[in-house]
Amino acid sequence: LPFSFLSYIKLLLIDENSQCSLRMLFPFAVGFTSKNEGVMFLTEVALGREHSIFNDNCQLRNAPKGFDCVVARGETEPDPSKDKECVMDGKKVMVPQGKPKKMKLDKSTNFSQSEYVVYQESQAYLRYLVQVTY
């Protein structure tokens with residue numbers, strides 16, 4: 001989402017696909033070393049009521065009234081049939097595990113992969129900091 005970097009301080013961009021997350025960080029050299037290593041957070045996110053978009057919208061600075069997050073609906077998402085349920089701190093949490101799968105959408109989209117944007121820090125709980133080699 002191009003608008004996410006313009007107002008980065010005001011939002012958290014969440015992606016279910018680690019490859020997409022790495023591609024988004026690489027051009028900005030955030031968290032990367034010269035040894036093709038990087039770091040990323042594995043984050044538990046309370047999405048709440050989702051507002052879907054299918055085209056860039058640089059005017060969004062908050063979720064629309066009545067919604068808790070914005071979802072840029074993409075052509076692919078991790079296969080939901082492969083999601084795993086985990087218990088963390090006594091709560092059930094769904095963790096995406098599947099390979100990217102083409103999604104059936106009601107309308108056309110400009111996004112290749114779905115991305116989730118929350119605007120309140122309290123909606124995201126950083127679970128792990130992971131070092132990756134790419």
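Biologist: Let me start with strand pairing. In which sense do β5 and β8 pair, and over how many bridges?

Modeller: Strand β5, which covers residues 74-78, pairs with β8 in the antiparallel sense, and three bridges join the two. Keep in mind as we go that this is a predicted model.

Biologist: Which residues stand opposite each other between these two strands?

Modeller: Pro78 stands opposite Pro100 in β8, and Glu77 stands opposite Lys101 in β8.

Biologist: In which sense do β5 and β9 pair?

Modeller: Those two pair in the parallel sense, over two bridges.

Biologist: How do I read whether Lys99 is buried or exposed?

Modeller: Look at relative accessible area: the cut-off for exposed is over 50%. Lys99 has a relative accessible area of 71%, so this residue is exposed.

Biologist: Which residues does Lys99 contact, beyond its neighbours within four places in sequence?

Modeller: With those neighbours left aside, Lys99 is in contact with Glu77, Pro78 and Asp79. Take Glu77: 22 residues separate it from Lys99 along the chain, while their C-alpha atoms are 7.9 Å apart.

Biologist: Now to charged pairs. How many salt bridges does a search of the whole structure find?

Modeller: The search finds seven. Among them is the one between the side chains of Glu44 and Lys91, at 3.8 Å from N to O. Glu44 is in strand β2 and Lys91 in strand β7, so this pair ties together parts of the chain that lie 47 residues apart in sequence.

Biologist: How accessible are Glu44 and Lys91?

Modeller: Glu44 counts as buried because its relative accessibility is 17%, whereas Lys91, with a relative accessible area of 45%, is partly exposed.

Biologist: At what N to O distance do the side chains of Glu44 and Arg127 meet?

Modeller: They meet in a salt bridge at 2.6 Å. Because Glu44 belongs to strand β2 and Arg127 to strand β11, the pair ties together parts 83 residues apart in sequence. Arg127 is buried, as is Glu44.

Biologist: Which residues are linked in a network of salt bridges?

Modeller: The network links Glu44, Asp89, Lys91 and Arg127.

Biologist: What about Glu50 and Arg73: where do they lie?

Modeller: Their side chains meet in a salt bridge, with 2.6 Å from N to O. Glu50 lies in strand β3 (residues 50-53) and Arg73 in the loop between β4 (69-72) and β5, so the pair links distant parts of the chain, 23 residues apart. Glu50 is partly exposed, with a relative accessible area of 31%, and Arg73 is buried, with 16%.

Biologist: Let us turn to the surface. Which residues form a nonpolar patch?

Modeller: Val39, Phe41, Leu126 and Leu129 do, and together they have about 390 Å² of accessible area. Strands β2 (37-45) and β11 (124-133) each supply at least two residues of the patch. Leu129, found in strand β11, counts as exposed because its relative accessibility is 56%.

Biologist: Finally, the whole chain. How many helices and strands are there?

Modeller: There are two helices and eleven strands. Along the sequence, they follow the pattern α-β-α-β-β-β-β-β-β-β-β-β-β.

Biologist: What share of the residues counts as buried?

Modeller: The share is 34% of the 134 residues of the chain. The accessible surface comes to about 9100 Å², and 53% of that belongs to carbon and sulfur atoms.

Biologist: And what share of the contacts joins residues at least 24 apart?

Modeller: If you take contacts between residues at least 6 apart in sequence, 67% of them join residues at least 24 apart.

Key. Residues numbered from 1 in each chain as written. Predicted model: local features only at pLDDT ≥ 70, side-chain atom pairs only at ≥ 80, totals over all residues. Heavy atoms only, no water. Pairing = 2+ DSSP bridges. Helix = DSSP H or I, 4+ residues; strand = E, 2+ residues; numbered from the N terminus. Patch = residues over 30% accessible without salt bridge, like charges linked within 9 Å, V, L, I, M, F, W, Y side chains within 5 Å. Areas by Shrake-Rupley, 256 points an atom, 1.4 Å probe, with all protein chains shown as cover. Salt bridge = Lys/Arg side-chain N within 4 Å of Asp/Glu carboxyl O. Buried < 20%, exposed > 50% of the residue type's maximum accessible area, 1.4 Å probe, protein only. Contact = heavy atoms within 4.5 Å.
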